[in-house]
Amino acid sequence: MIYVYDGSFFGYLSAVFDAWHDGLQHTEDICCDGAGDLFGRQQYVPADGVKAKRILDGLQAQCGGKTCHFLYYAFLAEQPQREMKLLQYIRQAFRLKGEFLHHLSEPAVWEVRQWARKTGNERHKLLGLARFQELKGGMLYCPLAPTCCVVPVMAPHFVKRLGSEEWVIHDRRRRIGVYYDRREAVLVDIPKVLQRVDVSEQEEEFAALWKQYYRTIAIADRRNDPLRRQFMPKKYWPYIIEVRDGENSR
């Protein structure tokens, strides 16, 4: 049986729940909707919060909260064939229980930890590189195109820092975002027609001042481009105000 889910984390856990219930020996694959084998025997599993919670509660009770953390972050790394590797990780967790995370010699445990680290590293880097712009309506807008799906795990940081503002962090690669209305943050889909935004007049002035400040504090004799690319990878430059137009990129 091939279990198909909607691409969300809860959707994946719901598919794992059904696969476990039906007997894992019958599970050929778990895949995202649209990525499966057209000729295989498929079963679509809708996202179900109750099923997902039962798996997470079981993992937390038997293996600890870090097991769930690594599972979620590894899922967000969006690695090829992640579903079956994460299923192995869950099976090993329920088998080994409390000592599970110490078994780094287990390939599934090691690989999932590396995927989780990749997501965590990118989240950490983008918390420092995220640049908000003020739109004409007053809302703050931050566009990004991360390699991992880190926008959902970046949001809590900005809820604390910008709690009195209305803002959205937009993942342009996946056409999703986190919208915060001063009360709660929600994950939203952002259609392609809304990819263009109009910034306020003040925003253009502040962007010019920020670029000027960036140039002013630079010390030409201490310039180290490899180190700058290490802390500020070029793949993020199109969304970083001080370098996006190429003025300060050399």
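Strands β4 and β5 (residues 140–144) pair in the antiparallel sense over two bridges, where pairing requires that DSSP finds at least two bridges between the strands, and where strands are DSSP runs of E with at least two residues and helices are runs of H or I with at least four, numbered from the N terminus. Within this pair, Gln133 stands opposite Tyr141 of β5. Helix α6 (residues 151–161) packs on the sheet and touches β5, β6, β7 and β8, and its direction makes about 160° with that of β6; axes here are lines fitted to C-alpha atoms, for helices over the stretch in contact, and angles run from 0 to 180 degrees between N-to-C directions. The sheet itself is open and mixed, with its five strands in the order β4-β5-β6-β7-β8, and its edge strands, each pairing on one side only, are β4 (133–134) and β8 (185–189).

This is a predicted model, in which local features need pLDDT of at least 70 and side-chain atom pairs count only at pLDDT 80 or more, whereas totals for chains, interfaces and linings use all residues. Residues are numbered from 1 along each chain as its sequence is written, and side-chain values use heavy atoms, with hydrogens and water left out.

The protein is divided into domain 1 (2–123) and domain 2 (130–221), with bounds that come from an automatic or database domain assignment. Nine residues of domain 1 are in contact (heavy atoms within 4.5 Å) with ten residues of domain 2. The area buried between the two domains, that is, the accessible area (1.4 Å probe) lost on putting them together, summed over both, is about 840 Å², and carbon and sulfur atoms give 59% of it. On the side of domain 1, Leu76, Glu122 and Arg123 lose the most area to domain 2.

The largest nonpolar core has 66 residues, and those with the most contacts inside it are Tyr12, Leu13, Leu71, Ile90 and Trp167. Such a core is a set of buried Ala, Val, Leu, Ile, Met, Phe, Trp, Tyr and Cys residues joined through side-chain atoms within 4.5 Å, and buried means under 20% relative accessible area, with exposed over 50% and partly exposed in between (1.4 Å probe, protein chains only).

Finally, Glu78, in the loop between α3 (65–76) and α4 (82–96), has a positive phi of about 55° although it is not a glycine, and at 36% relative accessibility Glu78 counts as partly exposed.
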